[in-house]
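User: I am new to this structure. Please show me how to read its features.

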Amino acid sequence: MTNEGGSTGLVDVRALLLRTDWNAVEHCCPNVAPMTPVILRQLLDDDLRACGGLK
């Protein structure tokens, strides 16, 4: 697999989330759908409270 820079390696997940057309994705809960990229980005956060690791 190659990333946008042409090098082999891991995909930049944050960039993938940003360039995904979330309006084109079918959702089971349309009222929550606009929050999908925000929720997914929180999972990648270094702050454990933001990603749900600590209460």
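**Reading the surface and the helices**

Analyst: V32, M35 and I39 form a nonpolar patch on the surface, with about 250 Å² of accessible area together. This is a predicted model: local features need pLDDT of at least 70, side-chain atom pairs count only at pLDDT 80 or more, and totals for chains, interfaces and linings use all residues. Residues are numbered from 1 along each chain as its sequence is written, and side-chain values use heavy atoms, with hydrogens and water left out.

User: What is a patch made of?

Analyst: Patches take residues with over 30% relative accessible area and no salt bridge; like charges are joined within 9 Å, nonpolar side chains (Val, Leu, Ile, Met, Phe, Trp, Tyr) within 5 Å. A salt bridge is a side-chain nitrogen of Lys or Arg within 4 Å of a carboxyl oxygen of Asp or Glu. Areas come from the Shrake-Rupley method with a 1.4 Å probe; for residues, only the protein chains shown count as cover.

User: How many helices and strands does the protein chain have?

Analyst: Helices (H or I, at least four residues) and strands (E, at least two) are DSSP runs, numbered from the N terminus. The protein chain has two helices and zero strands. M35 lies in the loop between α1 and α2. T36 is in helix α2, residues 36-43.

User: Is T36 buried or exposed?

Analyst: Buried means under 20% relative accessible area, exposed over 50%, partly exposed in between (1.4 Å probe, protein chains only). T36 has 19% relative accessibility, so T36 counts as buried. M35 is partly exposed, because its relative accessible area is 42%. P34, at 60%, counts as exposed. Buried residues make up 7% of the 55 residues in the protein chain.

User: Which residues does T36 touch?

Analyst: Contact means heavy atoms within 4.5 Å. T36 touches W22 and H27, not counting residues up to four places away in sequence.
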